[in-house]
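Please keep the sequence and the model in view while reading.

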Amino acid sequence: MKLYCLSGHPTLPCNVLKFKSTTIMLDCALDTTSVLNYLPLPLVHSPRLSKLPGWISKDGTINLEKELKECAGRLFVDSQPEFCLPEKELLDLSTIDVILISNYHCMMALPYITEHTGFTGTVYATEPTLQIGRLLMEELVKFMERVPKAQSATCWKNKEIQRMLPGPLKDAVEVWTWKRCYSMQEVNSALSKVQLVGYSQKVELFGAVQISPLSSGYSLGSSNWIIQSHHEKVSYVSGSSLLTTHPQPMDQSSLKNSDVLILTGLTQMPTANPDGMLGEFCSNLAMTIRAGGNVLVPCYSSGVIYDLLECLYQFIDSANLGTTPFYFISPVANSSLEFSQIFAEWLCHNKQTKVYLPEPPFPHAELIQTNKLKHYPSIHGDFSSDFKQPCVVFTGHPSLRFGDVVHFMELWGKSNLNTIIFTEPDFSYLDALAPYQPLAMKCVYCPIDTRLNFHQVSKLLKEVQPLHVVCPDQYTQPPPSQSHRSDLMLELQPPPMPYRRCSVLNLPFRRCYERVYILPELANSLVPSELKPGVSVANVSAILHSKDNKHTLQSVPKAAPAPPSKKRKRVVEEPPVGGAPKPLLSGAVPLEPFLATLQKHGITEVKVEETTDGHILHLQAEDTLIQLEEDGTHIVCDNNEPLRTTIRDLVLRFLQKL
């Protein structure tokens, strides 16, 4: 069993498991942190960005004025943003049989895998994962297509040139493999390969293994996966949460008795309490509005935004924000808000019960009805006529490199009355703000990450007790910024097996057993013999038939008498026809009774020699040796066939025939 790691980002996983002749990809997340190296894509011409100076090396030997721009002491690539893809060279991706998706954030690289590698397999995901994943991909494509860039920067990617650049461009990994965003056509083609599954549904893969998704409690439809054969079990735990939020709670009990547990997608903010962050979010928002400023919340169009809106629903009246407009701007805003209301069976129990009242499970439905929350596909059109300040705007992209958020950064960045509140933990807020410096607006960092922290995961692993744990290298040591915090790492016995990008692990357990079925008529013909009380053994003579990884014992066909014929026949391969099998022997030859039996038959001169495995009997007069060992008996007798036969028959008297 092998695990290939194709991604170095612990919360954006992409691994391939080879198990029992199947090749299974576990998630295919897209590392979008690479876009932080690019300049933002403004919706309208930005004089500030266009006046940024180009970069020339100090000695003047490298001139990349057209490709690299300098802003507040940092270099940015002036080109269409590109993404860091999962590793494609480590193994042949066309050999992948299935891709298992654990949540909608972990499927964003799917079109790169299914459309450009010769992949012919099936993708398995739950319905909310597929539908919301489709929305996030569609949003990404629209953000990119809305602001096309004519030029494409490639010279800076040259290894010799990249080495001369200042950081962080100098340290960017695998820049030659970075790719532009896919098209909507590729998205639709990739998603047509998805097969929907429900929690605890069992799906057979070629008869070799069985896969089953379990609720992971992190987002709508998010899953952990069980991959098992008859005798082995592998659990894949990715992006899970034990907190009480809107999704169904995590199924922990099904993870028990795993031979290997692959763990990834823990919280990126182990020291930040999500409830505390929500409180801070609300208080900062209220403070800014009261002072007459606007609030900008860069966010994804699904996920944490549902919790933020629910929190604000309870907070608005108590904070006297009833007249403040809330705007949600995204090409998929309407679909996202509607989808969250219709996936009732994927929600926690409290929200499910509301559906049968009937009431909308999420309070943002009421916010929309009362005109407190308005949603728009973009800042053009209706939004520009409805726009009132001060207001709160939820929009993407959290990286601040593309989407409507870029326009609001340019619009509100010069006033210290306004506040930007970061809630998504995927991007460093300092890196996200870098191309907008100098910035007057206030910045508040309230990262809300509900995924498992190290304390929760240690408790979980104690309960489910897997034999081996495999996890990203980053989880086996404290974070570099807090190297003294040994509580911010996984400490297990035996120690977890770490992996990093491009590593290949031989997982530490061997398959020992295989299940074999026996046909009823063959089972009926068996005659068991009792070896000792409670233990019976039967001799089976059969043909082993293997198809689709299922093994069956079938009766040996009887030989049909060949009709006399003078014509030549084509040789046809027939199954082997067996005669009556020889009996199997069991038991041990006791030394003293055997010597007494030899004496009765006139063999008296016997010299006994003890060995590590048994005894050697030397019949001196007959010049013969008998070796009595635990797993065999040997008679060495030269040119005296009658004597050898006699001794053999005497040995057989002490053994049981099956």
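Pro168 is placed in the loop between α4 (159–164) and α5; helices here are DSSP runs of H or I with at least four residues, strands are runs of E with at least two, and both are numbered from the N terminus. The peptide bond that leads from Gly167 to Pro168 is cis, its omega being near 0°. The model is a predicted one, in which local features need pLDDT of at least 70 and side-chain atom pairs count only at pLDDT 80 or more, while totals for chains, interfaces and linings use all residues. Residues are numbered from 1 along each chain as its sequence is written, and side-chain values use heavy atoms, with hydrogens and water left out.

A cis peptide bond also joins Gly396 and His397, with omega about 15°. His397 belongs to the loop between β18 (392–395) and α12 (405–412). In the loop between β9 and β10 (203–205) lies Ser200, whose phi is near 70°, a positive value in a residue other than glycine. Most residues other than glycine have a negative phi, and most peptide bonds are trans.

Helix α5 (residues 184–191) packs with helix α3 (residues 127–146) at an angle of about 165°, the axes being 10 Å apart. Axes are lines fitted to C-alpha atoms, for helices over the stretch in contact, and angles run from 0 to 180 degrees between N-to-C directions. The angle makes α3 roughly antiparallel to α5; the classes are roughly parallel under 35 degrees, roughly antiparallel over 145, roughly perpendicular from 65 to 115, and oblique for the rest. The crossing of α3 and α5 is right-handed, meaning that the near helix is turned clockwise from the far one by less than a right angle, anticlockwise being left-handed. From α3, Leu130, Arg134, Met137, Glu138, Val141 and Glu145 take part in the contact, and from α5, Met184, Val187, Asn188 and Leu191; contact means heavy atoms within 4.5 Å. By class this contact has six nonpolar, one polar and three charged residues, where Ala, Val, Leu, Ile, Met, Phe, Trp, Tyr, Cys and Pro count as nonpolar, Asp, Glu, Lys and Arg as charged, and the others, Gly among them, as polar.

A further helix pair is α6 (residues 274–290) with α7 (residues 304–315), packed at about 60° with axes 11 Å apart. That angle makes α6 oblique to α7. Leu278, Phe281, Cys282, Ser283, Leu285 and Ala286 of α6 meet Leu308, Cys311, Leu312 and Phe315 of α7. The residues of this contact comprise nine nonpolar, one polar and no charged.

Turning to the sheets, seven strands form an open sheet with mixed pairing, in the order β9-β8-β7-β3-β2-β1-β23; two strands pair if DSSP finds at least two bridges between them. At the edges stand β9 (194–196) and β23 (504–506), each with a single partner strand, so one side of each has no neighbour in the sheet. Strand β8 (residues 122–125) runs parallel to β9 and is joined to β9 by three bridges. Ala125 has Leu196 in β9 as its bridge partner.

An open sheet of three strands has the order β4-β5-β6 and antiparallel pairing. Its edges are β4 (54–56) and β6 (74–77), each with a single partner strand, so one side of each is left without a neighbour in the sheet. Three bridges join β4 to the antiparallel strand β5 (residues 63–71), where Lys69 is the bridge partner of Gly54.
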